[in-house]
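Here is a briefing on a protein model. Please read it alongside the sequence and coordinates.

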Amino acid sequence: MRIILTSVFVDDQAKALAFYTDVLGFVQKNDIPLAPDGPRWITVASPDDPDGVELLLEPDGHPAVQPFKTALVADGIPCTSFAVADVQKEYERLTSLGVRFTQEPIAMGPVTTAVLDDTCGNLIQIAQHD
């Protein structure tokens, strides 16, 4: 068994696609309309492993999602974590692009993390494992 798809709930799929590709650097895999002028099946993947795990940019329209997302953000809890080779370098690159961080890089034993706002209602952790 292996993970092939995971999701992040977003409040605007078009904005999320632009942020996750143009800013974070993922590559678009799918963009399939599910209904006219409605939600789409949009997935992105790592450019280092384009045939690997896909991230679904899932609409957050279900009634249970918004309270969940709001509670996570209010408590400063990231909804997911992405691995990076160098957290400090990625923090500097993303900050120069206007990305807002809620946690600057912090070393915690064998892991260094930082937390960013994805502009779509989520906090995302980036992590470097030493």
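Predicted model: local features only at pLDDT ≥ 70, side-chain atom pairs only at ≥ 80, totals over all residues.

Residues are numbered from 1 along each chain as its sequence is written, and side-chain values use heavy atoms, with hydrogens and water left out.

**Largest pocket**
- Its volume is about 280 Å³.
- A pocket is an open set of points on a 1 Å grid over the protein atoms alone, where a 1.4 Å probe fits, with protein on both sides within 12 Å along at least five of seven lines; lining residues have an atom within 4 Å of a point.
- Volume is the space filled by probe spheres set on the points.
- The lining includes L24, G25, F26, S46 and P47.
- It divides into 7 nonpolar, 2 polar and 2 charged residues; Gly counts as polar, and Pro as nonpolar.

**Second largest pocket**
- This pocket holds about 190 Å³ of space.
- Of its 13 lining residues, F26, S46, V53, L55 and F82 are closest to the centre.
- β5 gives the largest share of the lining, 3 residues; strands are DSSP E runs of at least two residues, and helices H or I runs of at least four.

**T21**
- T21 sits in helix α1 (residues 13-23).
- T21 touches F26, V27, Q28 and V44, leaving aside residues up to four places away in sequence; contact means heavy atoms within 4.5 Å.
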